[in-house]
Amino acid sequence: MTEKRYDAVVFGGGSAGLAAASRIAAAGFSVAILERELEPGGVLNQCIHSGFGLHVFHEDLTGPEYAERFIARVRGAAGLDVYLGTTAQEVAVEEAGAREPIVVYGYSRRYGILRLTARAAVLAMGCRERNRGNIGIPGTRPAGIFTAGLAQRLINIDGYLPGKRAVIVGSGDIGLIMARRLIWSGAEVLGVIEIQSYPSGLTRNIVQCLNDFGIPLHLSHVVSRILGRDRVEAVEVSPVREGVVQSQGGFRLDCDTVLLSVGLVPDNELSKKFGVALNPETGGPLVDAGLQTTVPGVFACGNVLHVHDLVDYVTEEAERCGGFVTEYLRGEFQPRQYRIQPGANVKYVVPNRWFADRENRFYLRPLIVANQARLAVRLDGETVKERRLAHVQPSEMLSLTLRAQELAGIEAIRENTLEVSIT
Amino acid sequence: MNGRELICIACPVGCRLTVRLEGGEIRVSGNQCSKGEIYGREELLAPRRVVTTTVRLTGSSLRRLPVKTSSPLAREHIEALLAEARRLEAAPPIRLGQVLLADFASTGVDLVATRTVES
């Protein structure tokens, strides 16, 4: 068994883990990254399309190019070890008072059984795709049904075409990207079926991945049955009115492949082993203003915390998380914090608390589609900050910064729960 | 070519544009800012796209090398470029940005590697 001690251990070597770890190492602390795959970079490695880095680098990069910039930072960092092909299996927090209270057991072909102890931990495991079981599509269980991200991996990493005639269920970004990828790989895409009355992916993906190829987008429709014995042969598509699947007005599409792009869920299996409290709205851990979970010394960032739609936001959040970890390791982490909660038309706000006398940055997800909306931060009905938004929709996450001076003086008011709403 | 309906993708607002050719001049309407004017004009005159795909990799534990066009390629050339990429093979060492196909069809656009593969 290999035993080592670190100041911090980071679970996951994707965009969040790489950014958080390099930030912690840059402050002079020792860090270990545990990564299950044989290469760092996470899902970026299979996202060969462009559109990454527009905010962080002001450049239009592909996923692998974006990943390589962060892999380079990690490679060059002193005191930073990356354990590839290594799965973290068990985690525990020992009684307070231990110098390195966090204990991690992992295993890998190269290192055998690994026992790491650390003073702090960063959860950066990312997210998983929802699948057929999550949405319950009736019908048979033939071959040819894939989640969109799995199909993306098969084509871009492994070099296999999953099918020739595909129907895509759900208009999430990965599904849209895969529509174009399938066509550019010589397959046909018969349509995208979306249950909601508006697309759930980014507008630029609707335009460049569907409209460019004349792929129909069937809004307010569901795949009501999958047909086929050994391989998918067809799907039945039915309209949905006021949440009810209609028996009339449907149609059939003959296809051999069904891709599901029906949402992502934070992957918190390891977080549960730590015993951190989860937020039902995000599926990720509840975190304080410094992105610390309910377990002291355990922090979270990236898609394990809440599903982001741009990697740029993941990087930004993970670097901030790394900064908070260094404050924690120095014993400078600020405990004076107050609550913030979602108000009208806001699904969630992350983090769930704010610091009284420094800048705070939040991410929030709207529940509505609207032009010329207004974002308001209130305390006991009194407006702290207001911002006009040209356009809001659930698929576009919003960020919000509250500067120290905007928060100055409101600490004295009772309760101190900020509320963020969109009208 | 008298009128086309487009959704502007210059920003998330997604204005619905109408682009028309009137007396030899391009008229863009429906846009809320100047970015929409530029987008509509380019889409009508010379639509271009960055193309990303993968090529076969030999002599590596990886099977595919991700690649992209060095700049947006005119849409009418995309099919031919993809056909050419399917015939390409690459072997390590490969550095990020390495040109695999130079000046495709005299467009001035290269096909370049988007990752490093060490030997």
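**A walk through the two-chain model**

Let's begin where the two chains meet: chain A puts 19 residues into the contact, and chain B also puts in 19 residues. Keep in mind that this is a predicted model. On the side of chain A that touches chain B, the elements giving two or more residues are α2 (63–75), α4 (148–158), α6 (203–210) and β26 (382–392) of chain A. The largest share of that side comes from α6(A), with four residues. Sort the residues of this side of chain A by class and you get six nonpolar, eight polar and five charged.

Which residues of α2(A) are buried? They are Gly63(A), Pro64(A), Glu65(A), Tyr66(A), Ala67(A), Glu68(A), Phe70(A), Ile71(A) and Val74(A). And what do these buried residues pack against? In chain A, the partners are α1, β3 (50–52), β4 (61–62), β5 (80–83) and α8 (311–329), and from chain B there is β6 (64–69) as well.

Follow the first of those partners. Helix α1 (residues 15–26) of chain A and α2(A) have axes that come within 9 Å and cross at roughly 35°. The crossing of α1(A) past α2(A) is left-handed. On the α1(A) side, the contact is made by Ser15(A), Leu18(A), Ala19(A), Ala21(A) and Ser22(A), while α2(A) brings Phe70(A), Ile71(A), Arg73(A) and Val74(A). By class, that contact has six nonpolar, two polar and one charged residues. Phe70(A), Ile71(A) and Val74(A), by the way, are among the buried residues of α2(A). Remember that an α-helix has 3.6 residues a turn, so residues three or four places apart point the same way.

Now hop over to another helix of chain A, α5 (residues 173–184). Its twelve residues reach 17 Å from first C-alpha to last, close to the 16 Å expected at 1.5 Å a residue. Ten of the twelve are buried, so α5(A) is largely enclosed by the rest of the structure. The buried ones are Asp173(A), Ile174(A), Gly175(A), Leu176(A), Ile177(A), Met178(A), Ala179(A), Arg180(A), Arg181(A) and Leu182(A). What covers them includes α4, β11 (165–169), β12 (188–193), α6 and β18 (257–260) of chain A. After α5(A) comes Gly186(A), with a positive phi near 95°.

Time for some strands. In chain A, three of them form an open sheet in the order β22-β24-β27, with antiparallel pairing. β22 (346–350) and β27 (398–402) of chain A are the edge strands, each pairing on one side only. On average, neighbouring strands here are turned by 25° against each other, direction ignored. Zoom in on strand β24 (residues 360–366) of chain A, and you'll find five bridges joining it to β27(A), the two running antiparallel. Arg361(A), for one, stands opposite Thr401(A) in β27(A).

Gly30(B) sits in the loop between β3 (25–29) and α1 (34–45) of chain B. Is Gly30(B) buried or partly exposed? It has 15 other C-beta atoms within 10 Å, so it is partly exposed. Leaving aside residues up to four places away in sequence, Gly30(B) touches Cys15(B), Arg16(B), Leu17(B) and Thr18(B). Its C-alpha atom is separated by 9.6 Å from that of Ile7(B), 23 residues apart along the chain.

Note on methods:
Residues numbered from 1 in each chain as written. Chains lettered and ligands numbered in written order. Predicted model: local features only at pLDDT ≥ 70, side-chain atom pairs only at ≥ 80, totals over all residues. Contact = placed C-beta atoms within 7 Å. Nonpolar A, V, L, I, M, F, W, Y, C, P; charged D, E, K, R; others polar. Expected span 1.5 Å × (residues − 1). Buried ≥ 20, exposed ≤ 12 C-beta atoms within 10 Å, placed from the backbone. Pairing = 2+ DSSP bridges. Axes fitted to C-alpha atoms, helices over the stretch in contact; angles between N-to-C directions. Left-handed = near helix turned anticlockwise from the far one by under 90°.
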